Each structure stands twice: as C-alpha cells, then as structure tokens.
Amino acid sequence: MTEQATSEAPACGLEETASESAHVPPTGPSGDTAAPQAPGGERASEPQESAPQPPDPAASAAPAAPTATDPALPREDVPSAPLLLAVEDVSDSSVTVSWEPPERLGRLGLQGYVLELRREGALDWVPVNARPMMVTQQTVRNLAVGDKFFVRVAAVSSAGAGPPAVLEQLVHIQETIEAPKIRVPRHLRQTYIRQVGESINLQIPFQGNPKPQALWTHNGHALDSQRVSVRTGDQDSILFIRSAQRSDSGCYELTVQLKGLEAKAAINILVIEKPGPPSSIRLLDVWSCNAALEWTPPQDTGNTELLGYTVQKADEKTGRWFTVLERYHPTTCTVSDLIVGNSYSFRVFSENLCGLSASAAVTKELAHIVKTDVVAKPKSFVERDFSEAPSFTQPLADHTSTPGYSTQLSCSVRASPKPKIIWMKNKMDIQGDPKYRALSEQGVCTLEIRKPSPFDSGVYTCKAINVLGEASVDCRLEVKASATH
C-alpha cells in the first residue's frame, strides 16, 4: 500500500503537449508536481510551437513499456483502476483530489500514479505529473478563476498503465466568496454625540471577499452628497461631514452587499448645541429675607434634554452675580438669606451637555428686602391658684430612745399658704418649753427633745394650720430607763 501525501506545485495552465511534459523536471519525494501549461494560452509567457498529441501516462513514465491495451500483455501484469477518486477541496486558485489504491496492483508491482486533466470542450488529456508519483492525493495550484476541466488518474507499473479512474463531475475554479461582515467600533455602538460645527468622521471596518459593495443611508434615505462624503476601501468605509448641523442627526445605516449576501450596521448620531434661555421669569413674592421666583422652560433645548437650571442673584449696590443654585430641575425656587436693606435682581440660565445658555432670563423688577416692625402681642396671663389645705406627706414614726441622749421626731407637710406648726405632748401644747426645740424648713417639721428621761415618754402630735384647714399626725415616744445592778 502507498502512503498518502499532498502534492503541491505552482500551476500555469491545463493544456500541455507531450513534448512539454517530457521536459518537466522529475518530482521530488514529497509528490510536488507542476500543472500543465497550454501552448499559446493566456498564461503562457512565451509562444510555443505546436506539439503532437499528449502521450499515454504510461509512456511518460516508462516509454519502453507496452500499454495496457497491448493484446500481448497479460491482464495480471498491469494494475486495476484506482478507487474512490474524489475532489477534496476547490479554491479560487487550486484543486485537491484524492483516491484509494487499486484492488489489483499487478504482478510486477506499482510504480505510482499519473494524474491527468482535460479542459471542457477539449479532446486530449494532459498529464499533470510527467512521472508516476507514489501519492494518493495531489493539489494543483496557481489555477485561474473560470477554469473548467475533467480529472482522471491511472495506476502505473513497469508493465504499463492500467485503466484510469475518471471523475464524473466537472471541476470549476471559482472565486472564493467570504460572507460580508461589519465590525462596528465600540465607541459607535451607542449614540455618537457631536456639537454643531464639529466634524463627523466615521470609519467602519468590514470583511468580505471579493470586495463587497458598501451603501450608506440616512434615516432610510440616500445621503446628501453636497454635505456628506463617503470613501470605501477594500476593508473599510469612511463617512465624513466637515461641519455638522443639527439636521445631520439621525440613524446612519451601512449596508455591505456581496453576491446576494449582505450585512448591516446602524450608527446613531446626535448633533447638539447650547440651549436657549428660559422663556420668561418673574418675581412671585418677597418676605422677610426670602424671594420666590418662577420661570418657563426654553423653547430650544439644543436638540438634547436639559441638565437643569442655574439661578444667580446680584445686589443692586455691587452688581456682581453670585450663583445660588446649579443644575436645579424645577421651574420654581425660593432664594433665602438675603440681606435686609438691599435690593436684588435674579437671572436663570438653561444647561445641557454643551454648557450654559448664551444668555439668561432676568427679572424685570427688584426684590427689596426691608426691615419689618415687630409688634409684640403678649397673651393674657392667668395666674394659677396654688392654695392648698395642709396635708402631711410623711407622718411621724414611733420612736424609742435612751435616757440622756437627745432625740428627734420628724415629719413633712404640704400647704399653701404656709401653715402654722404646733407641737403637743399628750395633747398639751409644749411651745415655749426649753426642753423642746421646734424647727420647720421647706415643709419638713422637726422636734428635738434634749436629754429625754422616762418622764418624757408619751404621745407627741404635730399640727399644721392655715386659712384653708388643718391636719395633724401622732407618734409614740418611749424612753427606757437604764438598768441598775
């Protein structure tokens, strides 16, 4: 069995005479061959003399060997036809064919294969390789677009060439078509924004073979050639506008067409400029150190949405403008912290991506910040009556004392007006007795008994009296005598 290999060589044509094929240099071990060249054909570099009919492939390989049709040669001496002859690949300049070895190689052994081509409409077969090659695949290169030919291959032994295997279909060399494809740059995949007066230069790469046809449209209509220029190369198309106008905004569509195939890409362009000022502005109200303003949106937004408004104030004395609000979206506002005694003017600018409007809407009247007289209006005061009859919040507690040690009895009382406090022992008034000292401070009433004796034991009472009433509390004091031994 022979090994498969690819035979590649520069090809010049399809028709070759027998004398020319005899002078082709021998092929190397890789199986490279030269395609036959037609005498006087389109690709011939020099005029060729007329040549006899091409010889049989076996004759080119072994001129002394008899042919397979010679009745003196036994059928077993020559190989049979190669099997499964097929075209593997066809490009715009080459063709690759392959086959399988024949079932019968012949008793004398296989020397190789001879590949032959025949132009459409011609009668003679022209060998591609002058000598047999031990390959089962060959590539003929440098063919011309439009060539049409038949292919056959024959196995050759020392006894001669066997019957050829002929490819039934016609091989047509056509130009390779690569489907068109557009590669839109990243910065053009979103809306492309330019200002009025700037240039627009769109370079859109594309692919396709052969060179496709590029067509531009603007909002579905043909371009204005007076304003827009287009230059299309082999790999890109450039759309150029020297000075953009707002009318140039819209959707630009590039269509690349190639033999029934097409690719499309859309680029959105927005041409903008500075907006106009607000249509009108008026001073709604002035109070204290504040002024209320209202304005209407501009009629021209510059072909894009507004980013907001800038509000400024100016003192009539200095005439200098100071910004109060920036990129403020509502159309009403209140300006605060104005200085008393000054008069103010206000103006409002519109703003978009191009910046502030060239002019502003200015209030016609001044806002005068005057000092207002404050008149105090005191509310009538109703005095609350805190009068209260005496009541004890903390009563007296029973107490036990030791003779000879001073002791105190305490309680707390609440009353208004301030009550009179009377202390009693066993319901007898003890005021003025030097043995007792009565104290009263912040409603706390205290009775101090100096060095009590058992005789001082009894029931003590604290009574509080004012114009609204009286109250009293009691406790028992026990003075225990010292134990004697």
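How many disulfides does this structure have by the rule used here? The count comes to zero, where a disulfide is a pair of cysteine sulfur atoms within 2.5 Å.

Before we go on, a word on the model. It is predicted, so local features need pLDDT of at least 70 and side-chain atom pairs count only at pLDDT 80 or more, while totals for chains, interfaces and linings use all residues. Residues are numbered from 1 along each chain as its sequence is written, and side-chain values use heavy atoms, leaving out hydrogens and water.

Buried means under 20% relative accessible area, exposed means over 50%, and partly exposed lies in between (1.4 Å probe, protein chains only).

| Residue | Relative accessibility | Class |
|---|---|---|
| T139 | 3% | buried |
| C251 | 26% | partly exposed |
| C289 | 22% | partly exposed |

T139 sits in strand β6 (residues 137–140). Strands (E, at least two residues) are DSSP runs, numbered from the N terminus. The side chain of T139 makes a polar contact with the side chain of T96 at 2.8 Å. A polar contact is a pair of N or O atoms within 3.5 Å; within protein, one must be able to donate a hydrogen and the other to accept it, and residues adjacent in sequence count only if both atoms are side-chain atoms.

**The nonpolar cores**

In soluble globular proteins, nonpolar side chains tend to be buried together. A nonpolar core is a set of buried Ala, Val, Leu, Ile, Met, Phe, Trp, Tyr and Cys residues joined through side-chain atoms within 4.5 Å. The largest such core has 21 residues, of which I182, I200, L202 and I269 touch the most other members. Two or more residues come from each of β13 (200–209), β17 (236–241), β18 (250–258) and β19 (261–272), and β19 gives the most, with five residues. Another core, of 20 residues, lies apart from this one and includes F392, I421, C445 and C475.

**An open sheet**

Four strands form an open, antiparallel sheet in the order β29-β31-β35-β34. Two strands pair if DSSP finds at least two bridges between them; four bridges join β29 to the antiparallel β31 (residues 407–416). Across this pairing, S391 stands opposite R414 in β31.
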